[in-house]
Amino acid sequence: MSEQNDYIIEFRNITKKFPGVIANNDISLGIRQGEIFALLGENGAGKSTLMSILFGMYEPDQGEIYLRGEKVKIKSPNQAAELSIGMVHQHFMLVENFTITENIVLGLEPEKKVFGFPVVDIKGTDQKIKDLSHKYGLDVNPTDLIEDINVSTRQRVEILKMLYREAEILIFDEPTAMLTPQEIEFLLNIIKNLQADGKTIILISHKLYEIKQVADRCAILRHGELIDILDVKTTSTQEMANLMVGKQLSLSLDKSESKPGDPVLEVENLTLDNELGVEIVHNVSFKIHAGEIFSLAGVSGNGQMEIADAIAGLINVKSGKISLNQKEITHATVKERIESGISYIPEDRQRFGLILEMPLAVNLALKSYYKEPFSQKHILQENVFLEYSDNLIKQFDIRSGQGSTTIVRSMSGGNQQKAIVAREIDLDSDLLIFVQPTRGLDIGAIQAVRKRMIDERDRGKAILLVSLELDEIMSCSDRIGVIYNGRIQTVAKADQITREEIGEAMMGVGNHGK
Amino acid sequence: MLNNIIIDGLSFALPLLIIAIGGIYSERSGITNLALEGLLGFGAFCGGLFMAFFSSHFAAANVPVYLSLLIASIGGTIYAALFATLCIVFKANQVISGVVINILSVALTGFLTRQINQNFFNQPSDKFQIGVFPRTSIPVLKDIPVLGGFFNNFYLFEVIILILLAITWYLLYKTRFGMHLRACGDNPQSVDAAGIDVNKVRFKAVLISGALSGIGGMCFAYSISANFSPTIYMGAGFLAIAALIFGNWRIMPTFVACLIFGFARSAGNEIGKAMQLSSSFFDLTMTLPYVLTLLLLIFFSDTNRAPRALGEIYDKGKR
Amino acid sequence: MENNLKTKNPLLRLLGGTKYQFISIPIFAIICSLIVSAIIILIVGQNPLMAYKGLLQGAGVLSKNQYAAYQGQITDFMETLDKMTPMLFASLAVAIAMQAGLFNIGVSGQMLISGFIATIVIGYSREMSPILAKPLVAVIGVIVGALAGGLIGFLKIKFNINEVVSSIMLNYIFQYVISFFINTKYVDPVTRQSRNIGANARLTLMQVEIADFKMRIPIFFIVAILIAIVMYFFMKRTDHGLEISAIGFNRDAARYAGINVKRRTLYVMLISGGLAGLAGVTYYLGYQPSILPKSLSSIGFDSIAVSLLGSNNPLGIIFSSFLITVIDRGATYMRSAAGVEQEIAALMSGIILLFSAMGTYMKQKFSDLLIRNRRR
């Protein structure tokens, strides 16, 4: 190991196996007191597993953890908290019908005595939470219910949770995935403030520029192995990217100028309610032409997902009009829309895109099973399903244990996504809606999906791309609409708007008209 | 007549309430509890068993009836442990487990009652004698016009239930345990991340629901007749579920729902008697709570919110 | 990949391999229950083997030592089939709803109301020709049951009311309202049940003389078996079956795929209710000639468990409903033959249910064991 022993945390030879995969293979690394240490790697590289071991959620099969020079066995998150380790998970862990204070104190509730009986003291703690949030610039209102606050505020609550527990080692798991560029700036500043306050920070990320911006050192993991530990200041992002994926990889996409044809999708004055009956999209209009990728950029929760769902027919239109190829489909059923030419790659592939308990062959035919030749007089033709599915598997390089008969649940996320993309593209629809199409995929798969999307554009399809990742929007779109608060703030050709302008529009700053 | 409506209404509403509170504990922790019927039956069986063997061993006549409530609650707790094991340890579907627990409860208590009567008392009976629960009145207060009924000729177990109401309310809304329990029913992952063992909290919640149901079952046994018999399975557990849904999974509104159910029942009964209708008329008033609950759901289904994680099996490994 | 690796333990392969689990796990559950029940019988001081033999004899699966005049193993067996008929219909009703992810706990109520309506509309018209009356009873049963089941489906899709809750409420509403009508209009003052229906309308032929035996003939037994087989192919091989299981696995994905989830939900509840209606008429106008007021048949609840034991597979349910009915029917004879209280039968069924409820867990555990075993 290292001769200088100023490590606050030291992993020694950590190995963790899951059925079929080695998540961490003999990893040894040390993290210094007060630094910002980044863990970089693709999905499935073992970053989260390593941190979950540190946070007591998994026990390693082999290896040891040293904390402040002493060997520790961390068996539960509770114990991790006692050792002053805190973690902000990728999916927030908040109780919706509790207040911010209640969430922050959960597990460590302060008590007072009322007539001799112990009672949880929430009111008395509100002020303490307020002070704590001021100290780090994390303004929240302690008495708000979680169900009433937005993503960025929820994240602040998660950070306050760690600070309340007086954590000295703070783990952030992909903290910027859901945030706007401005919110990301804000968060990175907070992270720096925390460092200045003496905290040690571990940042799990695959976003190179973030790491470049805040981290001191960075460990690169690939397929469960520790590849290298780098000094961020002296390493280029290209170098980091290469180490992360293991081969030279061009980060840009080859994309020719688009040649838009007739309008395929026309959305006029669309107004939508969310499931609670609150109006979330107001009077939105846009057109997408054949041979064009139009994207909606925006922070999560500003109505873009609802617009995609409304076009696909999953939610009702409150007012306005949607037309496909000059034919109105505002009130058509989902099936009618599929048949008239809409493909939809949904945001949540496991909840909407696939039936995980069913075999791959059925999932690939999920939108055509009732048509000839799959079904004749309502009787399913098994051999047709298998043939069709074998064909798509080959064409799209979908990997699975038992080919067409594999139960989809057992497939990896990337291959599940490929299956959806294969099915939707093979429908040969005029309009393709891609929502977060590369979420959770590794770089190789991301490039493949984006390339496929551009190929479809070149074949004359109209494409709506909804993404929370600005990189994706910038590298794929022909035209970009920025949505904020249920309104389209601005629409521009991709080469006529900058990242910063999009970022501002995403925050509703500088109203560009429309 | 008003007096009778209040007296009978309360003696029905309060045992129902304690069972419904049991249901609230379980469901607020995230465990769908259709097993209340089985829990209350098994609890009452244990109480009845105790009375059959020991009621004559006590010098003070009233001591065994109070002890029988305690035994019933212990019995309910033990049986609830089986339900909790099924849903939490074996991760079985909670609705199915509830149905199975009910069926098993009817079968088990029926079998044991017969077997015990045969072997120890030498009589082929499916009943246990449980005696009579004492009633009392509060002087002066009972003579208040209209409201006097609340203080007149009530079972002493009603007082116990009111005390339990206060305790369970405090426990659920004011203590750390209650906070953890309610969080488990909303977002178990967050509870786990806070270092609290979700399954342990849920297990305890189900045990509490068994204890309360057991007491409720025994009180019903006393208020129906001086016996424990299979008539204890008359659907009070399901009525309690109707009440807690009516009360939106909160204790005080559920209390109100139980009072409405109880008074509707006793009022229907009294009015029927006064109008000299046949006892069959009573069957129609019996439907009232169920019709009310259905109507409530039809008209207010938007505001009626079940705990978010209700029925969800919590698997630590799954993230 | 891993499936190609062999383990030496054939039992584990049977219990852990996903291929056989649909049959091996229920059998394992039954064996466990028989062992536990045997222990209980031993504790109460009787011989479990004698008790089990008595059960099988009572149900007509094994021959008794002696029979009364016109009685024989076949008469016992036919009575078992008569009791099994409503159980099979009811379990199919539960199973098809379960396939769509719906929990029809209201089978009892749907049985009761269809039995009641068929009783008052056809059961008491004694002049009607049996050729007309019997099919009419079945048709009314199907229609009324479907409407009652459909109501639950309607409340779910229209007002988003959980089917378990509405089923329970409706069970009680049906039970009390029907009790009111029976007690005020159709009661037999001696039995305190509804008056017996005429033989012309009864779906079980009574006292039919065949080769020296007087036996029951449940004419809808064959129908029930046929429906089970049809349902098996419907679920496995048709597009509607695929849609139903898609909804059962994942409602959101089914909607996304263009399936009209609401319409299918209603459709499944109509079928489920219709099957429950058949269970109702074969029970209240078949196995029995009358209705006991203010009570729900336990068949409606037992069927949930029977369906579970049969892995929600219609063919499996044929066997599981037979098993549970044999235990139920054989109990009386077992008492006289082996001296075990007949309540043990209900207890045995309960224990079988308890073990089948653990089925999913056992599947998981055995699969894990198998994988670990192979890895070694």
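Let's start where chains C and B meet: 38 residues of chain C are in contact with 35 residues of chain B. Please keep in mind as I talk that this is a predicted model.

On the chain C side, helix 7 (163-186), helix 12, helix 14 (343-357) and helix 15 (359-375) each supply at least two of the residues that touch chain B. Which of these gives the largest share? That is helix 7 of chain C, with 13 residues. If you sort the side of chain C that touches chain B by class, you get 26 nonpolar, 8 polar and 4 charged residues.

Let me pick one residue from that region to look at with you, C:Ala305. You will find C:Ala305 in helix 12 of chain C, which covers residues 299-309. Is C:Ala305 buried or exposed? It is buried, because 25 other C-beta atoms lie within 10 Å, and 20 or more is what counts as buried here. Setting aside residues up to four places away in sequence, C:Ala305 touches B:Val99, B:Val100 and B:Ile103 in chain B, along with C:Leu353 and C:Ser356 in its own chain.

A word on confidence in chain B. Its mean pLDDT is 89, and 98% of its residues reach 70 or more. Within chain B, helix 6 (residues 176-186) has the highest confidence, with a mean of 96, and helix 11 (residues 281-286) has the lowest, with a mean of 82.

Chain C also meets chain A. Here 23 residues of chain A are in contact with 17 residues of chain C. From chain A, helix 10 (334-340), helix 11 (349-353) and strand 20 (379-380) each bring at least two residues to the side that touches chain C. That side of chain A is made up of 14 nonpolar, 5 polar and 4 charged residues.

Now let's turn to chain A itself. Its domain assignment gives domain 1 (7-245), domain 2 (258-341 + 430-514) and domain 3 (359-428). The centres of domain 2 and domain 3 of chain A are 27 Å apart, taken over C-alpha atoms. Their contact takes 9 residues from domain 2 of chain A and 7 residues from domain 3 of chain A. On the domain 2 side, helix 15 (residues 443-458) of chain A gives the largest share, 4 residues. By class, the domain 2 side has 5 nonpolar, 1 polar and 3 charged residues.

Next, have a look at strand 21 (residues 431-435) of chain A. How many of its residues are buried? The count is 5 of 5. A:Leu431, A:Ile433 and A:Val435 point one way from this strand, while A:Leu432 and A:Phe434 point the other way. Strand 21 of chain A has parallel pairing with strand 18 (residues 342-345) of chain A over 4 bridges, where A:Tyr344 has A:Ile433 as its bridge partner.

The largest nonpolar core has 375 residues, and A:Ile433 is listed with B:Leu16, B:Ala243, C:Ala93 and C:Ala279 as touching the most other members. Beyond its neighbours within four places in sequence, the contacts of A:Ile433 include A:Ala308, A:Ile311, A:Ala312 and A:Leu464.

Strand 3 (residues 36-40) of chain A is mostly covered too, with 5 of its 5 residues buried. A:Ile36, A:Ala38 and A:Leu40 point one way, and A:Phe37 and A:Leu39 the other. This strand runs parallel to strand 10 (residues 200-205) of chain A, with 5 bridges, and A:Ile36 is paired there with A:Ile201. With strand 11 (residues 217-222) of chain A, strand 3 is parallel again, over 4 bridges, and A:Leu40 sits opposite A:Ile220.

For an antiparallel case, chain A has an open sheet of 4 strands in the order 14-13-16-17. Its edge strands are strand 14 (279-289) and strand 17 (327-328) of chain A. Strand 13 (residues 263-273) and strand 14 of chain A are joined by 7 bridges, one of them linking A:Asp273 to A:Glu279.

How values were computed
Residues are numbered from 1 along each chain as its sequence is written. Chains are lettered from A and ligands numbered from 1 in the order in which they are written. This is a predicted model: local features need pLDDT of at least 70, side-chain atom pairs count only at pLDDT 80 or more; totals for chains, interfaces and linings use all residues. Domain bounds come from an automatic or database domain assignment. Two residues are in contact if their C-beta atoms, placed from the backbone, lie within 7 Å. Ala, Val, Leu, Ile, Met, Phe, Trp, Tyr, Cys and Pro count as nonpolar, Asp, Glu, Lys and Arg as charged, and the others, Gly among them, as polar. A nonpolar core is a set of buried Ala, Val, Leu, Ile, Met, Phe, Trp, Tyr and Cys residues joined through C-beta atoms within 7 Å. A residue is buried if 20 or more other C-beta atoms lie within 10 Å of its own, exposed if 12 or fewer, and partly exposed in between; C-beta atoms are placed from the backbone. pLDDT is the predictor's confidence in each residue, from 0 to 100. Two strands pair if DSSP finds at least two bridges between them.
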